[in-house]
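Hi,

Here is the structure I promised to pass on. Have a look at it first, and my notes on the packing inside follow below.

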Amino acid sequence: MTSGAALPLYPRLAWYGFRRHAAYWPAALAGAFTNTVFGVLRAYVLIALWQARPGLGGYSVADAVTFCFLTQACIGPMQLFGIGLDLPQRIRSGDVALDLVRPAPLQLWCLSEDLGRAAFLFLARSVPPALAGAALFGIVAPRAPAAFLASVTLGVVVSFGWRYLVALASCWVMDDRGLATLSLVLTTFFSGLMLPLTIFPGWFGSLTRALPWAAMAQAPSDVYLGTAEPVRALAFQALWATVLLALGALLTRAARRKVVIQGG
Amino acid sequence: MIDAAELGRVFRVRRQVVHAVRDLSFHVAPGEFVACLGPNGAGKSTTIKMLTGILAPTSGRIRVDGLDPARRRTALARRIGVVFGQRTTLWWDLPLRDSLELNRLLYKVDRKVFRDRLDELCVLLDLGAFLTTPVRQLSLGQRMRGDIAAALLHDPAVLVLDEPTIGLDVVSKAEVRDFLRRRNAEHGTTVLLTTHDLGDVERLCRRVLLIDHGSLAFDGTLDDLRALVPGRTSIEEVVTDLYLSSRGSPRTPPLPPVPGGTSGTA
Amino acid sequence: MIRTYALLVWAWTRAAAQYRVSFALMAAGAFVIGGLDIAVIWVIFANTDSLAGFGPAEVMFLYGTSELAFATSDMLFGNVDRISQHIKAGTLDVMLVRPVATWAQVAADRFGPHRIGRVVMAAAVLGVALARLDIPLGRAWMVPVMVVSGIVIFTSMFTLGGALQFLLTDAPEVANAFTYGGAMLNQYPLSVYDPRIVQGLTYVLPLAFVNWRPGLYVLDRPDPLGLPSWTGLLSPAAALALAAVAALAWRAGIRRYRSTGS
Ligand SMILES: Nc1ncnc2c1ncn2[C@@H]1O[C@H](COP(=O)(O)OP(=O)(O)O)[C@@H](O)[C@H]1O
Ligand SMILES: [Mg+2]
């Protein structure tokens, strides 16, 4: 298991992240099973809705079913239900001081590990629900496979940008569990996981489609289905990735000042 | 008080069969103080878990105070006290006093009796200073004393301790040892403990059980154990020799005495 | 068992009461999380008047009864599905040497009173639905019966999920498919699903007795499977049967518990 040895730092960190999560493969498969079961249940609800309103939100029934399994597949790599970072524990234990004085920037370090984690969870938790959806209901083929993969990657980066902010915020907010709950509410509802954001009514719908969470599950699914212009969707994701990462960098600076200089 | 006959426990780990304990027979009389020694992975904790009903044996027979632990686990729990050095039986987020009070209710100890016993334990274990502190904030030594108090509030006839002195500093260790010895002498509580600390054994026990690869390698007094390996006087050297020979490693020659220092026995 | 449970729950409640602000925030959070499902139902009915033959008030009624039962069960006993954490951390060993029922200890451990927020939300939804539906008293008596049966059914599901974790200690999330999946399933009329699934939920895993069959009786609707309407009254029997199975599974789990090598 030394095949990571020849790699430069950040790819090597990604590889470690991959391996660390691969050690918990039974848990990942259990997650895939649960995501699949929920995908099946949601698919029936969406089918009932689309039978009542064919073509709703620009999707056919097959598109809606596909959308359902794609968003279930996003749960693992994009960590839609959790923070998925060690950072909150390390902040609570004070170990984060060690992370902040390392010569490598903390944010990039975490991002590399997180990309490795996402790559493993894509294989273990995204592919099985999609295959199950294809076998049980039949899902449509991707319109632009390359753009879709790019969009998934950007979706992971946006989700990391958000989760990193939430995690680092526990330097200032005492109740990190409350923070995690808030993040869960925002992410599950506004990512498109519960219903496609395209059917949210009026100005509320337009708002939800412009928020960063839309870049996590709704955007990759739309690129897959061809219901969004790939270039526009990717640009939208890249914009939010840049904004969130920049905010994260600022927050890291503030955290270093607080933890390292003031001593916590 | 404790009767084990040809006791055995196997675990299946990925199609492999691990004999954690095999063919273990011993008898502990009421009021005895017995230490259980053995290298890491010898099967001591597994034996304790079978004595307390946590694990069912896969072969053999065991009786504690006349009860079959695995079948009568809850009935037995009222008659024994159990301490795990590696984990606490107290509630992590509650103050020590609340934890003890909760134990009183779970063990259905009369309020008046409880107060008397707690007063006695508070003095002997010096709990007073941290009774209102949440358990998670206690030092290891304080937590262990709290754990021992919790295990004794229902005045059990048998006290079983798995590595009670692990990680304690010398002072805490001495406190725990003194307390256990007094408890055994004054209340007649039967005590069975496992340990890696030979100081525990030398200061506390007349009788030693040595477990190795799941079987009983030795059962007798400390002096008998010393006599087992000729030419070795310190109990530490004797046990090292026995452990090494059980691994199949050769005996190490005795170290020359440190110049100017006192060698060997503690 | 009830005494043990009450004692432990009281101890945890007192511990939580020390952090009043945190408790209030968490309860509010639970309330909002419960509201998300309602927001989804709202979005659905912003797009259509009826879902698989049921209108908004009827769907809210079905949602409210199931969710009230689930949220209550989750608050009171949902921690049973944390058993794999207790197995891995070795805390189950500690529970086993106490002279009281293990199930009650696991269920009460880390009792979180803040989960009341979700119960309140569910009760509010059910209240609104009942006010809109105008159900005659001759059938409305079944509503509390179905909620209580639902609590027993979901608690049995949590227990079965916990028992399963004795086998799948490294993959506890499988249990979520049955517990939280069961709750999600009953949020909508079962007529949206394939009839074979509904049959399975009637004859095998009696989740259809939480709110679908008794709900059809209360709403006076014909059963798509063609079963007579009095079958909706069988919820308590189904709940007791499932509870018995869960109790056996739990015992079997404890018996084959093998602790952890340290
Ligand atoms: N729950 C278990 N599952 C699998 N193997 C176990 C388990 N418990 C103990 N073992 C194995 O049984 C042997 C004895 O373990 P243990 O009784 O904990 O030893 P000791 O306490 O003497 O160090 C070890 O090889 C250990 O790996
Ligand atoms: Mg041990």
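**The core and its aromatic rings**

Keep in mind that this is a predicted model. Its largest nonpolar core has 235 residues, and those with the most contacts inside it are Leu87(A), Leu100(B), Ile148(B), Ile44(C), Phe61(C), Leu92(C) and Tyr193(C). Helix H7 (residues 145-169) of chain A gives the most to this core, 14 residues. In chain B, domain 1 (1-79 + 158-266) and domain 2 (89-155) both contribute residues, so the core lies between them.

Now the rings. I get 28 aromatic pairs over all chains. One of them is Phe70(C) with Tyr180(C), edge-to-face at 5.5 Å centre to centre and 70° between the planes. These two sit 110 residues apart, Phe70(C) in helix H3 (residues 56-77) and Tyr180(C) in helix H10 (residues 173-185) of chain C. Phe70(C) is buried at 1% relative accessibility, while Tyr180(C) is partly exposed at 30%. Tyr180(C) also pairs edge-to-face with Phe158(C), at 6.2 Å and 85°. Phe158(C) belongs to helix H9 (residues 142-167) of chain C, 22 residues away from Tyr180(C), and is buried, with a relative accessible area of 1%.

There's an aromatic cluster too, whose members include Trp162(A), Phe200(A), Trp213(A) and Trp42(C).

Lastly, two charges over rings: Arg102(A) lies over the face of Trp109(A), 3.7 Å from the ring centre, and the charged end of Arg221(C) sits over Phe54(C), 4.2 Å from the centre of its ring.

Cheers

Key: Residues are numbered from 1 along each chain as its sequence is written. Chains are lettered from A and ligands numbered from 1 in the order in which they are written. This is a predicted model: local features need pLDDT of at least 70, side-chain atom pairs count only at pLDDT 80 or more; totals for chains, interfaces and linings use all residues. Side-chain values use heavy atoms; hydrogens and water are left out. A nonpolar core is a set of buried Ala, Val, Leu, Ile, Met, Phe, Trp, Tyr and Cys residues joined through side-chain atoms within 4.5 Å. Buried means under 20% relative accessible area, exposed over 50%, partly exposed in between (1.4 Å probe, protein chains only). Helices (H or I, at least four residues) and strands (E, at least two) are DSSP runs, numbered from the N terminus. Domain bounds come from an automatic or database domain assignment. Rings of Phe, Tyr and Trp (its six-membered ring) pair if their centres lie within 6.5 Å; planes under 30 degrees apart count as stacked, over 60 as edge-to-face and the rest as tilted. A charge sits over a ring if NZ of Lys or CZ of Arg is within 6 Å of the ring centre and within 35 degrees of the ring normal.
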